[in-house]
Amino acid sequence: MKIFRIISTAAVLLVSFAYSTPVARTKRFGKGGDVIRGVNLGGLFVLEPWITPSLFEQWNGSNRKVVDEWTFCSELGAYECTRRLKQHWSTWVTETDIKTLASLGLNHVRIPIGHWAFAPDPNEPYVQGQIPYLERIIRWIGKHGLNAVIDLHGVPGSQNGFDNSGKFGAIGWQASQQNIDRSIQAVEGIARVAANYPNIVDAVEVLNEPANWGLSVDQVIEFYKRAYTSFRKIAPSAIMIVHDAFLSPSDWHKFNVPGWDSVILDTHNYHIFVKDRLVLSREQHLQATCEDARNVRSFNTQLWTVTGEWSLASTDCAKWLNGMEKGARWDGSLPWEMNGPVYQGATCSGQNSISAWDQDTRTFFRQFAETQMDAYEAGSGWFFWNFKTEVADDWNYIKLAQNKLIPVPPTNRIYSRYSLDSDRWNIKLNSTWCHE
């Protein structure tokens, strides 16, 4: 989920003549039509300590380095890891959560899951049993009138070295052909689930956040090509999603593969993991979304574009967001390029708790939500990260919406809104921060 660059803009649907002006789409994106408005079910099938710190609290301050799902299961052993995770899988996402998301006016849910659910290896500490819980959630999603995207969030060897890939540390995915083959096996497993629920699962993401700085981008694209062939044989009616590998918008054309159809390019956009965005003032955060809008609108004329992850965080203060027992750039408790806090006296106290936010802060977050929604709908839509968290309120869509810091429904915008009745492909932003 974390990224280390200024811009990461989201998903794009490929057609055979991808560089021509888009025509009326013959295939709509499920119940979302031309505009995807969704959330991620992060922290469910791929553990992240910052989303559910209660699962990792027993190792806080310990010399045992339990930092991700790999070390979680390695430390506990298969039996106890399975017991704890089954309890987690049965409680972290409930039907009430899905019903709530539908009532908030969303139309999609993105479900991250690791390769180990579909392509287990006895030499890995991961445990299995996720699929029945996955299918139960898919049925809830369909019952409450939403569509699902299943996202392969972690692959063997790790595609980015982040804890959200399942294993923190080295980027070793391309180190062996076996890793690639097992990743294809996982894609095929997910495709079979999608094929079983064709009216609910309308898309599959074949690889989340491959890191271009630790991988061959050409080999990533070759994997996408192989995944496309395998995926299409099993789920021919579903859309396939590929991530932009954190490349800049000027390089997105590399994912425009001739002959592909019904493919989306996924890009993620956070304001907190690099200096250029983290140091912005509130007003500058709002203005920066105009640049994001221009990027997704421009590329949406070539490939349909969806922002697969974003949040309201303007600091990196959420507990363990940067890794288990690691601090934050914001207050200087994490070593980084500024060698100190973002500004003198910057504190993480109260940054992630709605109850601590004054009226100016609440107003800013509502504005930040609306301007980002506008920006990403200049493309083909968005998925917020995350549907909920245990302690980080600025990442908790349900809680933010219930506190009127996110519009309900998402079209109920006050501060920043284009005309939703206008031509979808000629949107012009007109707000306090963006005039086009």
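Author: Let's start with a charge over a ring, meaning NZ of Lys or CZ of Arg within 6 Å of the ring centre and within 35 degrees of the ring normal. Here the charged end of Lys 319 sits over the ring of Trp 320, 4.5 Å from its centre. Lys 388 likewise lies over the face of Trp 92, with 4.8 Å to the ring centre.

Reader: Before we go on, what should I know about where these values come from?

Author: This is a predicted model, with residues numbered from 1 along each chain as its sequence is written. Local features need pLDDT of at least 70, side-chain atom pairs count only at pLDDT 80 or more, totals for chains, interfaces and linings use all residues, and side-chain values use heavy atoms, with hydrogens and water left out.

Reader: What is the mean pLDDT of the protein?

Author: pLDDT is the predictor's confidence in each residue, from 0 to 100. The protein's mean is 89, and 89% of its residues reach 70 or more. Over residues 1-27, though, the pLDDT is below 50. Residues 419-425 also stay under 50.

Reader: How many aromatic pairs are there?

Author: Rings of Phe, Tyr and Trp (its six-membered ring) pair if their centres lie within 6.5 Å; planes under 30 degrees apart are stacked, over 60 edge-to-face, and the rest tilted. The count comes to 28 aromatic pairs. Take Trp 116 and Tyr 126: their ring centres are 3.9 Å apart and their planes at 10 degrees, so this pair is stacked.

Reader: Are Trp 116 and Tyr 126 buried or exposed?

Author: Buried means under 20% relative accessible area, exposed over 50%, and partly exposed in between (1.4 Å probe, protein chains only). Trp 116 has 0% relative accessibility, so it counts as buried. Tyr 126, at 7%, counts as buried too.

For an edge-to-face case, look at Trp 310 and Phe 384, with 4.9 Å centre to centre and 85 degrees between the planes. That pair links distant parts of the chain, 74 residues apart: Trp 310 is in the loop between strand 7 (305-309) and helix 9 (359-377), and Phe 384 is in strand 8 (residues 381-384). Helices (H or I, at least four residues) and strands (E, at least two) are DSSP runs, numbered from the N terminus.

Reader: What does the side chain of Tyr 376 make a polar contact with?

Author: A polar contact is a pair of N or O atoms within 3.5 Å; within protein, one must be able to donate a hydrogen and the other to accept it, and residues adjacent in sequence count only if both atoms are side-chain atoms. For Tyr 376, the partner is the side chain of Asn 269, at 3.4 Å.

Reader: How do strand 6 and strand 7 run?

Author: Two strands pair if DSSP finds at least two bridges between them. Strand 6 (residues 263-268) and strand 7 run parallel, joined by 4 bridges. Asp 266 stands opposite Val 306 in strand 7.

Terms used
Contact means heavy atoms within 4.5 Å.
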